[in-house]
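Let's take a friendly walk through a protein model. Have the sequence and the 3D view handy as you read.

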Amino acid sequence: RPYLIGLAGQSCAGKNVAAAFLAERGFPVIDADEVTHTVIEEASQDIIAHYSADARLRGLCLETSDGHLDRRNLGVLLFSAPSLLKTYENFILPLIERRIHLLIGQASEQTPAVPIVLNAPTLHKTAFISECAFIIYIEAPYILRLLRCKKRDGLPLRHIFTRFLRQQDFLSQYLSQNADIERVKNTGAPHSLQKKIERLLLQKGI
């Protein structure tokens with residue numbers, strides 16, 4: 001069974017910075033966001049058909065001028081209503097998990113003695129949480145996350161606040177599942193985050 005390290009945390013806390021550092025250290029890193037992007041692209045027409053009516057009620061359009069899925073508007077829609085987010089996750093998560101299992105198998109075959117990192121923001125909602133030897137949970141100050149999200153996604157502040165509010169109980173959901181959580185605070189300096197992760201890996205004997 002592959003040695004799997006989970007990488008999760010708050011939105012815009014610095015998970016991708018941590019993932020890049022772990023990749024530099026030689027760990028195969030599976031980016032769940034990239035997998036999700038591929039899976040959503042393949043299922044985009046089904047998503048548009050299923051959620052367009054709900055989107056129109058909120059003044060949103062899920063289809064771009066060239067017929068593609070508008071992922072930004074989809075995110076705004078889903079985070080506006082827990083019931084919509086739940087039905088969407090029930091549809092999309094099994095497809096994502098299937099693809100990730102394939103990638104884990106491929107990485108394990110290529111480098112069988114090297115731990116595999118799964119960078120997955122919503123790891124707690126998948127079956128992989130029980131397969132991880134431990135989970136690195138990245139945290140950052142609220143205002144720093146807010147500024148990063150505004151710069152990265154360009155969303156109105158009310159949408160960012162809604163997204164952050166929906167993620168407040170992420171850590172408690174990990175803890176409720178008895179996951180081995182290693183919390184790492186990211187104060188904004190990449191070299192400081194790297195040193196903290198290095199110390200953690202040494203403690204774990206990796």
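How many salt bridges does the count come to? The count comes to 4 salt bridges. Keep in mind that this is a predicted model.

## Salt bridges between helices

Here's the general idea first. Side chains of opposite charge can pair when their charged atoms come close.

Take Arg 99 and Glu 42: they form a salt bridge, with the closest N and O atoms 2.8 Å apart. Arg 99 lies in helix α5 (residues 82–110) and Glu 42 in helix α2 (residues 32–42), so the pair ties together parts that are 57 residues apart in sequence. Arg 99 is partly exposed, at 27% relative accessible area, while Glu 42 counts as exposed at 57%.

Next up is Glu 139, which forms a salt bridge with Arg 183; their closest N and O atoms are 2.9 Å apart. This pair links distant parts of the chain, with Glu 139 in strand β4 (residues 132–139) and Arg 183 in strand β5 (residues 181–185), 44 residues apart. Is Glu 139 buried or exposed? Glu 139 counts as buried, at 11% relative accessibility, whereas Arg 183 is exposed, at 54%.

Lys 204 and Asp 180 also meet through their side chains in a salt bridge, at 3.2 Å from N to O. Again the pair links distant parts of the chain: Lys 204 sits in the segment after α9 (190–203), and Asp 180 in the loop between α8 (170–176) and β5, 24 residues apart. Both count as partly exposed, Lys 204 at 27% relative accessibility and Asp 180 at 34%.

## Strands side by side

Now look at strand β3 (residues 116–119). Ile 116 and Leu 118 point one way from it, Val 117 and Asn 119 point the other way, and all are buried.

Which strands pair with β3? Strand β1 (residues 4–9) runs parallel to β3, joined to it by 4 bridges, and Leu 7 has Asn 119 as its bridge partner. Strand β2 (residues 29–31) pairs with β3 in the parallel sense too, over 3 bridges. There, Val 29 has Val 117 as its bridge partner.

## Cysteines

What about disulfides? The count comes to 0. Cys 12 is in no disulfide, because its nearest cysteine sulfur, that of Cys 149, is 3.9 Å away and a disulfide needs the two sulfur atoms within 2.5 Å. Cys 12 is buried, with a relative accessible area of 8%, whereas Cys 61 is partly exposed, at 46%.

Key
Residues are numbered from 1 along each chain as its sequence is written. This is a predicted model: local features need pLDDT of at least 70, side-chain atom pairs count only at pLDDT 80 or more; totals for chains, interfaces and linings use all residues. Side-chain values use heavy atoms; hydrogens and water are left out. Buried means under 20% relative accessible area, exposed over 50%, partly exposed in between (1.4 Å probe, protein chains only). Helices (H or I, at least four residues) and strands (E, at least two) are DSSP runs, numbered from the N terminus. Two strands pair if DSSP finds at least two bridges between them.
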